Amino acid sequence: MDKKQALEKLRDRFGDRLVETGAARAAHGRDEGGYDGPAPDAVFYAENAHEVADAVKICARHRLPVIPFGAGTSLEGHVTAPKGGLSIDLSRMNRILALHAADLDVRVEAGVTRQQLNAWLHDQGLFFPVDPGAECTLGGMVATRASGTNAVRYGTMREQVLTLEVVTATGEIIETGTRARKSAAGYDLTHLFVGSEGTLGIVTEMTLKLYGLPEKLMAGVCRFPSLSAAIQTVITTIQSGLPVARIELLDELSVRAVNRHSGMAHVEAPTLFLEFHGSPKAVDEQVESFHAIASEYGGSAPEFASKQEDINRLWHARHQLYYATRAMAGGKHVCTTDVCVPISRLGDCILETRADFDAAGIFGTMVGHVGDGNFHTIIAADPHDPVEMQRAEDLKEKMAHRAIEMGGTVTGEHGIGSGKRKFLEAERGASLALMRQVKAALDPFGIMNPGKVVMTDDRDDQPCSGRH
Ligand SMILES: Cc1cc2nc3c(=O)[nH]c(=O)nc-3n(C[C@H](O)[C@H](O)[C@H](O)COP(=O)(O)OP(=O)(O)OC[C@H]3O[C@@H](n4cnc5c(N)ncnc54)[C@H](O)[C@@H]3O)c2cc1C
């Protein structure tokens, strides 16, 4: 790697949009999950795909690592720069390029955020459903295969992407698909890049599916006498094919955190936050069916918000749970982890995890996009107490291995980054070797976000060098 020469060329080409201050570098080497550095050597604020391609070509020539950066809200050490390199910040590429309302799709640049897109779409009667709890870019969401509270009804990013414009690891600009809703033409490169966490290429534009705003929407809460009763209600709801739009579990501690942080007054008990979409008749039927199921398990009558602002407040509070737990943790270090299991195993997985927390004496909230078997723990530990920090780490490990044993995955939505790399082999076994071959084929110089997802070989922890 010839870092000095690469940085000189990048400075010549991009002028003051190549920023090398300590503050910019530090801000681009940390994420919201508490992974803090190492920082990249420089940050480049790209404005279009051709600039991204030129930057990647310079980096490839000099074997300088490239770390794509959206909003830095990822949680598993995705944007750290273990070998230094160039962070390419795509947040200025935030144009909405074309709306095809008749086809229900939209073309956007990678730096557009989901909130920006939905605010823009609202007057068209359309919306984009994937809603991670942070203000993140759609490029970052493609890269992490993100999902959120609506995934149970509309699917994850994997289901929403029709085609991507990608700058490859050698600096070519390619389009991976078309606007057609389905295609049987060749390998599915689009979905190879979805979830690749910046390790195979840089997404610069994308075409996404859209949905009509539902004619009727009802959102509210339903309380339960126990965690187990709430989980059983979710499992029965999903197994009976009820097309619920959102069904989010909050344990008692989560409800307390939400009440304190967002000024709400929910009864502190295991609670489901719910939303139903459809025609007025369909929504009424869904609510009725759900109520019947919940009653079987001792659930309260669902309480629905009547005004849009109350509905927004409810979901905003849910999305703020990470920060709400952090506030309640009294200065302790807080981290979050997620797993996803087949729905029939959800009850065992959550209850066994809760028992582990109680046995370890660790403070943590449990919350989940439980309709698709996905749940999170938000764990607090004292950074000055190595024993407690280790216990928290052990809990995360146990949760990951339990999910694998139950036929699930170590992450339903946050991704692997560097933090969960150690579990990938246990989950994916021999197919990890094939992943490494894909990585080596698409990133021949090993420059794309090194140290994340897979290691191409043992030398991956060494400084980048042209291996091919
Ligand atoms: C409070 C909170 C709640 C959250 N809730 C959810 C949730 O419900 N569901 C969920 O899925 N996630 C959730 N997240 C995690 C996070 O918001 C998502 O992972 C999100 O998709 C990251 O987007 P970003 O723009 O911040 O990407 P970054 O953090 O900047 O980057 C993430 C990864 O993607 C790569 N990358 C970024 N942009 C590109 C690009 N254009 N091309 C190629 N690679 C790129 C980066 O190199 C990195 O590996 C939450 C995070 C927080 C802090």
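Predicted model: local features only at pLDDT ≥ 70, side-chain atom pairs only at ≥ 80, totals over all residues.
**Entry 1: around the ligand**

I found 37 residues surrounding the ligand, and the closest are Pro68, Gly70, Thr73, Ser74 and Thr137. I then sorted the shell by class: 17 residues are nonpolar, 17 are polar and 3 are charged.

For Gly133 a backbone N or O atom lies 2.9 Å from a ligand nitrogen. Ser147 also uses its backbone, with a polar atom there 2.8 Å from a nitrogen atom of the ligand.

Next I checked how much of the ligand is covered. Taken alone, the ligand exposes 970 Å², and the protein buries 97% of that.

**Entry 2: the cavity and its surroundings**

I looked up where the ligand sits, and the place is the largest cavity. I noted the elements that give two or more residues to the shell: strand S3 (66-69), helix H5 (138-144), strand S10 (201-209) and helix H13 (321-328). Helix H5 supplies the largest share of the shell, with 5 residues.

**Entry 3: domains**

I wrote down the domain assignment for the protein chain: domain 1 (3-89), domain 2 (96-212), domain 3 (216-321), domain 4 (329-405) and domain 5 (421-461). Why does the ligand lie between domain 1 and domain 2? Both domains give residues to the shell around the ligand, so the ligand lies between them. I also looked up one spacing: the C-alpha centres of domain 1 and domain 3 lie 42 Å apart.

I kept the backbone for last. Most residues other than glycine have a negative phi, and most peptide bonds are trans. With that in mind I marked two spots.

The peptide bond joining Gly37 and Pro38 is cis, with omega at about 5°. I located Pro38 in the loop between helix H2 (22-27) and strand S2 (42-45).

Leu104 is not a glycine, yet its phi is positive, about 55°. I placed Leu104 in the loop that runs between strand S5 (96-100) and strand S6 (105-109).

Note on methods: Residues numbered from 1 in each chain as written. Heavy atoms only, no water. Domains from an automatic or database assignment. Near = heavy atom within 4 Å. Polar contact = N/O pair within 3.5 Å; in protein donor to acceptor, adjacent residues only side chain to side chain. Areas by Shrake-Rupley, 256 points an atom, 1.4 Å probe, with all protein chains shown as cover. 1 Å grid on protein atoms, 1.4 Å probe; cavity = no way out; pocket = protein on both sides within 12 Å on 5 of 7 lines; lining within 4 Å. Sits in = over half its atoms within 2 Å of the grid points. Helix = DSSP H or I, 4+ residues; strand = E, 2+ residues; numbered from the N terminus. Nonpolar A, V, L, I, M, F, W, Y, C, P; charged D, E, K, R; others polar.
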